[in-house]
Amino acid sequence: MKLLSATQIRQWDEFTIKNEPIVSLELMERAANACTRWLLQNTLAGTYYIFCGKGNNGGDGLAIARLLYNAGRAIKVFILESDAKGSDDYISNFRILHHLSAIPIYQVRSEKDLPVIPEECILIDALFGTGLNRGLTGLAAQLIDHLNNAGAPVISIDIPSGLFCDQSSRGHSIIRARHTLTFQVLKMAFLIAENAVFFGQVHLIDINLHPSYPDLVDTPFYIINQSMARRIYRPRTAFAHKGNFGHALIIAGAYGKTGAAILSTRACLRTGAGLVTAHVPDRSVSILQTAAPEAMVFPDPEADHIATLGYTPELFSATGIGPGIGTGVKTKFFLRGLLEHEALKLVLDADALNIIAGSPGLLNHLPPGSILTPHPREFSRLFGEQDNDFKKMEIAISKSMELNVIIILKGHHTLVALPDGTGFFNITGNAGMAKGGSGDVLTGMLTGLLAQGYSSKEAAIMGVFLHGLAGDLAAGARGMEAMTATDIIENIGSAFQQLL
Ligand SMILES: NC(=O)C1=CN([C@@H]2O[C@H](COP(=O)(O)OP(=O)(O)OC[C@H]3O[C@@H](n4cnc5c(N)ncnc54)[C@H](O)[C@@H]3O)[C@@H](O)[C@H]2O)[C@@H](O)CC1
Ligand SMILES: Nc1ncnc2c1ncn2[C@@H]1O[C@H](COP(=O)(O)OP(=O)(O)O)[C@@H](O)[C@H]1O
Ligand SMILES: [K+]
């Protein structure tokens, strides 16, 4: 699913107005009706303090005020005054509301007009929407601070005021909403970790924008959804044999971290690789074979570390390396040697990435199409600290293009950055996965998919989707606190079944 920019969303409104066709004011009325329905269903009757700017977001706020009033709710309307005359639809809605003389409308012209806000009221934020074109300052910023400090819950219309859709909002005054009722589609701002404190729970409000528009526009950003994963998934044919599904190699687990090797290996098995071999230090062999009897093992001659490439890596269909291997000298040399094999299909995670971060020259020796799976700290070690998460995303994409690799920047909404300059956001997964071992599972899953012949792009996109979905199923069964990485593995099968 395409992730549209603020400009494209505005054009989508215009496209709908022209092609449905519908007049702009009626589209605003449709949006306001949908928001009002949500408010009536989800908020208890109290007084709504509705704060409106003078653009179309403010127009939405005025229309919502009228509809709530008609539904019998108590309301007060506050207009943030400025020199702007107001958008046409704002003006129309203001006139309609003004005629309903029972509705109190207050103007906020200076600091002394900031109202006293009782804690038990509901604040509706319709000050600025997707038309924000600079950070808020002056009276607007004072009003935002005032609302944030009031102690009453804030419900933002479309986007918290002050938050930019497609760029970092760091350092600006921004509403901290408990809920955001956003029109039609997710905005990029809601996918970026640094914004998490602002939008609260996001609810998509369907306003029936014209279905043809997204097909007509290009965008470098996508959201991974079930239908995208389904298009990638290739169900097994009845006459298949294990040779059809590749032989995966997992290189993981210095002694003391054998668990990482077990999790990756078991995830790889559960993802469908025909054969799986785990390369682990000698002392870990029996532990691994007990925990994952379906896997074969290559015992490293070293008791505690990965050090020896005693096989031809090209014989494996795909290789995952990194979980728990440590960054010792012998393991560094091992990785250096492995990267000389240019034809490998590789997944690099955890300590493999830390080793590369310590010898950045190695970045130029990654086999084309390799998949790197850094979490944010590993990402910073590899590519430097960035001022904000949007910049981080840009760097992920530019490095992916420059190095011809796939970078999976892990997080709540994991980003898959591809060498063609596109970025795919994952929306499965939950905070129950924020514990040791979840990443090891992803490495095993990605290696398993590569081994079965999925391309790096397919494996990355479907892999992060299935990993998050398995995590969601695990959370559903066990709860976020109690679930473990093993529970993610146990739910990989059910996640696949949702692709059938
Ligand atoms: N027909 C449509 O286009 C629809 C638009 N909708 C609403 O319209 C919103 C977008 O409306 P607009 O494009 O009018 O934009 P906004 O309502 O976000 O307001 C933009 C206005 O504020 C000014 N402004 C921007 N940044 C400012 C700043 N930092 N300080 C002071 N003034 C600033 C702009 O110059 C402009 O006049 C959406 O978020 C949504 O709420 C919905 O009603 C659905 C239909
Ligand atoms: N809050 C969250 N929401 C969704 N997914 C999460 C969340 N926290 C962690 N994850 C996922 O869990 C995995 C954690 O990986 P990582 O930090 O490498 O863990 P580890 O190295 O301990 O196994 C990533 O795939 C990440 O996307
Ligand atoms: K808003």
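Modeller: A residue is near a molecule if its C-beta atom, placed from the backbone, lies within 6 Å of it. The model here is a predicted one.

Biologist: Which residues come nearest to ligand 2?

Modeller: There are 19 residues around ligand 2, and Gly-429, Met-433, Ala-434, Ser-438 and Gly-439 come nearest.

Biologist: Which helices each supply at least two residues of the shell around ligand 2?

Modeller: They are α15 (438-451) and α16 (456-478). The most comes from α15, which gives four residues.

Biologist: How do the residues of that shell around ligand 2 divide into nonpolar, polar and charged?

Modeller: Twelve are polar, five nonpolar and two charged. Gly counts as polar under the classes used.

Biologist: What is around ligand 1?

Modeller: Ligand 1 has 26 residues around it, with Gly-55, Asn-56, Asn-57, Gly-129 and Gly-131 nearest. Two helices, α2 (24-42) and α3 (56-70), each supply at least two residues of this shell. By class, the shell around ligand 1 holds twelve polar, ten nonpolar and four charged residues.

Biologist: Why are α12 and α13 called roughly parallel to each other?

Modeller: The axes of α12 (residues 350-358) and α13 (residues 376-383) cross at roughly 25 degrees. Angles under 35 degrees count as roughly parallel. The two helices, α12 and α13, are therefore roughly parallel to each other.

Biologist: Within what distance do the axes of α12 and α13 come, and which residues make the contact?

Modeller: The axes come within 8 Å. On α12 the contact is made by Leu-353, Asn-354, Ile-356 and Ala-357, and on α13 by Glu-378, Arg-381 and Leu-382. Four of the residues in this contact are nonpolar, two are charged and one is polar.

Biologist: Is the crossing of α12 and α13 left-handed or right-handed?

Modeller: Left-handed. That word applies if the near helix is turned anticlockwise from the far one by less than a right angle.

Biologist: What makes a residue count as buried, and what percentage of the protein does?

Modeller: A buried residue has 20 or more other C-beta atoms within 10 Å of its own. Of the protein's 500 residues, 48% count as buried.

Biologist: How many helices and strands does the protein have?

Modeller: The secondary structure comes to 18 helices and 17 strands. The C-alpha atoms fill a box of roughly 85 × 45 × 40 Å along the principal axes.

Note on methods:
Residues numbered from 1 in each chain as written. Chains lettered and ligands numbered in written order. Predicted model: local features only at pLDDT ≥ 70, side-chain atom pairs only at ≥ 80, totals over all residues. Buried ≥ 20, exposed ≤ 12 C-beta atoms within 10 Å, placed from the backbone. Axes fitted to C-alpha atoms, helices over the stretch in contact; angles between N-to-C directions. Parallel < 35°, antiparallel > 145°, perpendicular 65-115°, else oblique. Contact = placed C-beta atoms within 7 Å.
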